Structures are given as C-alpha cells and as structure tokens.
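Trainee: I have a new model to read. Can you take me through it, feature by feature?

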Amino acid sequence: MIDTLVAALILLGAAFTLIGSIGLATLPDFFCRLHGPTKSTTLGVGGMLAASALYFAAQGPTPHPTELLVALFLFMTTPVSAHLLAKVALRLHLRSLAPVPARFRHEQTDGCDSAPAHRSSGRVS
C-alpha cells in the first residue's frame with residue numbers, strides 16, 4: 001500500500017515538474033515564464049519530497065528530517081526569488097506580451113508604450 005502511494009506521489013510530482021519545465025521553455029515572455037518554475041515545478045518537487053519522506057518513514061523507526069528541511073527551504077526561497085525577479089523586471093520596465101484584462105484597461109491613460117515615471121536619484125522621499 002505504501003509503495004503504491006509513493007509511486008503515485010512520484011508520478012504526480014514528475015508530471016507537475018514536466019509541465020512547469022515545458023511552460024518555462026514555451027511561454028512567450030518573462031512574466032508568463034516566471035509562473036512555470038514558481039508554481040508547478042515547486043509543487044512537483046514537493047510531491048517527490050513527500051514521496052521520499054513517506055518511503056523512508058515506512059522503512060525504519062527513526063524519522064529522517066532531511067526531506068522536511070529541503071521542502072521548508074524550497075517553499076521559503078521560491079516565492080522570495082520569484083518576487084525579486086518580478087521586481088527587477090518591473091524596475092527594468094519589461095512589458096508583458098499578454099493582453100491587459102478588460103477590467104484594468106480603464107486605468108491606462110497614455111497607452112501601453114510609455115514607461116512609468118521614476119526618480120533617477122534612487123532616494124526614497
């Protein structure tokens with residue numbers, strides 16, 4: 001029974017990792033590509049870590065915290081790194097190729113091609 005559950009978690013994790021990798025390779029722009037590794041690939045690695053933790057927990061009486069520590073590190077660092085990458089992309093004024101949703105179109109006043117104004121001094125006022 002444990003082997004079947006471990007195999008299912010590994011296959012599910014591998015499927016999510018594959019989908020995230022395909023998304024990273026095929027999506028059109030930076031902001032769309034950011035979702036591949038941060039969403040589905042993280043979930044895929046989490047599934048494989050859960051399978052590993054379940055397998056080793058069933059094998060012996062002593063718990064192995066290695067998988068839990070790796071999962072904790074993964075789930076703490078992935079959102080932070082994705083947030084920093086998105087902030088840098090916005091700071092560099094990268095534009096998304098995805099169309100703007102209709103509910104947000106009324107907020108644009110001068111078109112999509114203009115870059116937002118920013119201070120060049122770097123100081124926060």
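Mentor: Start with one atom pair. A polar atom of the aspartate 29 side chain lies 2.6 Å from the backbone nitrogen of leucine 97. Keep in mind that this is a predicted model.

Trainee: Where does aspartate 29 sit in the chain?

Mentor: Look for the elements on either side. Aspartate 29 is in the loop that joins α1 (2-26) to α2 (30-33).

Trainee: Which residues does aspartate 29 touch, leaving aside neighbours within four places in sequence?

Mentor: Its contacts are Arg95, Ser96, Leu97 and Ala98. Leu97 is also the residue whose backbone nitrogen lies 2.6 Å from the aspartate 29 side chain.

Trainee: Is aspartate 29 buried or exposed? And how far away is the nearest side chain of opposite charge?

Mentor: Aspartate 29 is buried. The nearest opposite charge is on arginine 33, 6.7 Å away. A salt bridge needs the charged atoms within 4 Å. Aspartate 29 has no salt bridge.

Trainee: Now the overall layout. How many helices and strands are there in the chain?

Mentor: The chain has 4 helices and 0 strands. Along the sequence, the pattern reads α-α-α-α.

Trainee: Where does UniProt place the feature "transmembrane region"?

Mentor: The unreviewed UniProt entry puts it at residues 6-28, 40-58 and 70-90. Residues 6-28 are 91% helix and 0% strand, with end C-alpha atoms 35 Å apart. Residues 40-58 are 100% helix and 0% strand, and their end C-alpha atoms lie 27 Å apart.

Trainee: What share of the contacts joins residues 24 or more positions apart?

Mentor: Count the contacts with a separation of 6 or more; 67% of them are between residues 24 or more positions apart. As for burial, 20% of the 125 residues are buried.

Trainee: What should I check about the backbone at histidine 93?

Mentor: Most residues other than glycine have a negative phi. Histidine 93 has a positive one, near 60 degrees. Histidine 93 is in the segment after α4 (66-91). It is partly exposed, with a relative accessible area of 28%.

Trainee: What is the mean pLDDT of the chain, and where is confidence highest and lowest among the helices?

Mentor: The chain mean is 82, and 84% of the residues reach 70 or more. Confidence is highest in α1, at a mean of 93, and lowest in α2, at 86. Over residues 110-125, pLDDT is below 50. That stretch has 8 contacts in the model beyond near neighbours in sequence.

Notes: Residues are numbered from 1 along each chain as its sequence is written. This is a predicted model: local features need pLDDT of at least 70, side-chain atom pairs count only at pLDDT 80 or more; totals for chains, interfaces and linings use all residues. Side-chain values use heavy atoms; hydrogens and water are left out. UniProt positions are given in the numbering used here, feature names are shortened, and annotations may be inferred rather than shown by experiment. Helices (H or I, at least four residues) and strands (E, at least two) are DSSP runs, numbered from the N terminus. Buried means under 20% relative accessible area, exposed over 50%, partly exposed in between (1.4 Å probe, protein chains only). Lys and Arg count as positive and Asp and Glu as negative; His and the chain ends are not counted. A polar contact is a pair of N or O atoms within 3.5 Å; within protein, one must be able to donate a hydrogen and the other to accept it, and residues adjacent in sequence count only if both atoms are side-chain atoms. Contact means heavy atoms within 4.5 Å. pLDDT is the predictor's confidence in each residue, from 0 to 100.
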